[in-house]
2 protein chains.
Amino acid sequence: MAMQARGSRPGPRRTLTEDEIMGAALDLLDEGGVNAASVRGIAARVGVAPNAVYTYFPDKAAVVKAIVEHLLGQVDLAVFSDRKVPWRQRIESLALELRERLTAHPGAVNLMIGGPMDGPRALALNEHLMETLQDSGLDAKEAARASYLLIVYVFGSIALEAAELGHGSGGPSEAQRVASRMEGFSAIPANTFPLSAGASSVMAGYVSTGQYTWGLHKVLDGISRT
Amino acid sequence: MAMQARGSRPGPRRTLTEDEIMGAALDLLDEGGVNAASVRGIAARVGVAPNAVYTYFPDKAAVVKAIVEHLLGQVDLAVFSDRKVPWRQRIESLALELRERLTAHPGAVNLMIGGPMDGPRALALNEHLMETLQDSGLDAKEAARASYLLIVYVFGSIALEAAELGHGSGGPSEAQRVASRMEGFSAIPANTFPLSAGASSVMAGYVSTGQYTWGLHKVLDGISRT
DNA sequence: ACCTGAACACCGTTCAAGT
DNA sequence: ACCTGAACACCGTTCAAGT
């Protein structure tokens, strides 16, 4: 919310950046889950007293916001703006890129959808989606609605994926995620939930890229034609 | 994870139920957000020492799981099982019911998607969706995929809605939620994000039932035909 | 079996003080 | 302007003890 003064950075003692603090927080989040990313933990990692963090961020929520913006900022929207590429393919590429970037930090995904997602990077994403959807022939109102639908799908999918494998140590491989899913579903009692149990194998596939794409196609099918 | 022994409840001193503890936790969550729903706060509300909670639940995570299951259990799936009603309408009614029940407890929604959602109520929901989708003519594999897509949409939508209005005091009216959304979007700088800013009014509508239904229809359109 | 008092190892945040 | 030590008001959880 409150942006830090930008002019002078090097103070009397140490030189320390907002980015360093944010990076340390993200590292802790990846290594030890959400509980590990404490203000005190961050301070310890950058070698400073706990309250020194408050020189750079007004509170912990601001650090979380910085992480969210940092992660969203990792995808370069310009790459998906080439009008020579069909609009559906541009959106699909972007959706895959977002999933790849975010599933690398499962602990951060919870924080992402826990807050309003109203930072500049999030707005830029919405703006980009609306532009692309208008390219497809939708008017402004339809584009706004469809953009939000896509955001719900992409972040909803990623959030549910992240939730399934817990908030432990982050950055598991696709194979590990599938295995984790399989393990979870194999515990379903087949007598009470026959369909869910029978669908275990295919459900496990939902943490795979292919099934994410399948769902995205369905959403895009819905958007394409009424 | 570990179910409590069921046989004997009344002990030497007080009579106290898992449901009472869970209810107190939900009340605190609604009144004061996620931070207010502490083990110590729960204990104080039911008039007991903090550690007495651990007689009923192994840890705080188990209390959260109980809340999630309780909320999911509030929707009676049998109501949406009438085969005389078209399958799309059955799903739409269920999706609306879920949204209504869950948006009444915004603080709980974050907790819901923060964990695996693998309790009996969640499985029953998945089972019900798969049954309904098989009624529509999908085979088992397609039904499993489509069911997960619907779950992503419903819980993704509700989660993003809940995130927008913060984790403060819960149970705002639809009008309040729309107003909150409008307020947020009116702060968008029109020069850098023209489309997003221009879409403010329609985007505000996304916290309305009508726009939730719009998105659901698009998803169902995608599912209906490949 | 249920509950308590006391303690342990933590939190986020503030304040006065140092350079 | 930046950092520290110390403190405040909290956490979740455990343990030994009481009934």
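Chain B and chain A meet in a contact to which chain B brings 50 residues and chain A likewise brings 50 residues, where contact means heavy atoms within 4.5 Å. The structure is a predicted model, in which local features need pLDDT of at least 70 and side-chain atom pairs count only at pLDDT 80 or more, while totals for chains, interfaces and linings use all residues. Residues are numbered from 1 along each chain as its sequence is written, chains are lettered from A and ligands numbered from 1 in the order in which they are written, and side-chain values use heavy atoms, with hydrogens and water left out.

## Where the two chains meet

The area buried between chain B and chain A is about 4,300 Å², and carbon and sulfur atoms give 69% of that area. Buried area here is the accessible area (1.4 Å probe) that two parts lose on being put together, summed over both. Of the area that chain B buries against chain A, 16% is supplied by B:Arg145, B:Tyr148 and B:Leu195, more than by any other three residues.

What kinds of polar and charged links cross the interface of chain B and chain A? The count of salt bridges between the two chains is zero, a salt bridge being a side-chain nitrogen of Lys or Arg within 4 Å of a carboxyl oxygen of Asp or Glu.

On the side of chain B that touches chain A, at least two residues come from each of helix H5 (106–114), helix H6 (120–135), helix H7 (140–164), helix H9 (194–198), helix H10 (200–204) and helix H11 (209–224) of chain B. Helices (H or I, at least four residues) and strands (E, at least two) are DSSP runs, numbered from the N terminus. H7(B) gives the most to this side, with 17 residues. Sorted by class, the side of chain B that touches chain A has 27 nonpolar, twelve polar and eleven charged residues, where Ala, Val, Leu, Ile, Met, Phe, Trp, Tyr, Cys and Pro count as nonpolar, Asp, Glu, Lys and Arg as charged, and the others, Gly among them, as polar.

B:Arg145 lies in helix H7 of chain B. At 15% relative accessibility, B:Arg145 counts as buried, a word that means under 20% relative accessible area, with exposed over 50% and partly exposed in between (1.4 Å probe, protein chains only). The C-alpha atom of B:Arg145 is separated by 8.9 Å from that of B:Met130, which is 15 residues apart from it along the chain.

## Aromatic pairs

Over all chains, the structure holds two aromatic pairs. Rings of Phe, Tyr and Trp (its six-membered ring) pair if their centres lie within 6.5 Å, and planes under 30 degrees apart count as stacked, over 60 as edge-to-face and the rest as tilted. In chain A, A:Tyr153 and A:Tyr212 form a stacked pair, 5.7 Å centre to centre with 20 degrees between the planes. This pair links helix H7 of chain A, which holds A:Tyr153, with helix H11 of chain A, which holds A:Tyr212, across 59 residues of the chain. A:Tyr153 is buried at 5% relative accessibility, and A:Tyr212 is buried at 3%. In chain B, B:Tyr153 and B:Tyr212 are also stacked, at 5.7 Å centre to centre and 20 degrees between the planes, and both B:Tyr153 and B:Tyr212 are buried.

## Salt bridges

The structure holds 18 salt bridges over all chains, and the table gives some of them.

| Salt bridge | N to O distance |
|---|---|
| A:Asp135 and A:Arg83 | 3.1 Å |
| A:Arg99 and A:Glu161 | 2.9 Å |
| B:Asp221 and B:Arg88 | 3.1 Å |

Because A:Asp135 lies in helix H6 of chain A and A:Arg83 in the loop between helix H3 (60–73) and helix H4 (87–103) of chain A, their pair ties together parts that are 52 residues apart in sequence. A:Asp135 is partly exposed at 33%, whereas A:Arg83 is exposed at 60% relative accessibility.

A:Arg99 in helix H4 and A:Glu161 in helix H7 of chain A tie together parts that are 62 residues apart in sequence. Are these two residues buried or exposed? A:Arg99 is buried, with a relative accessible area of 4%, and A:Glu161 is buried at 3%.
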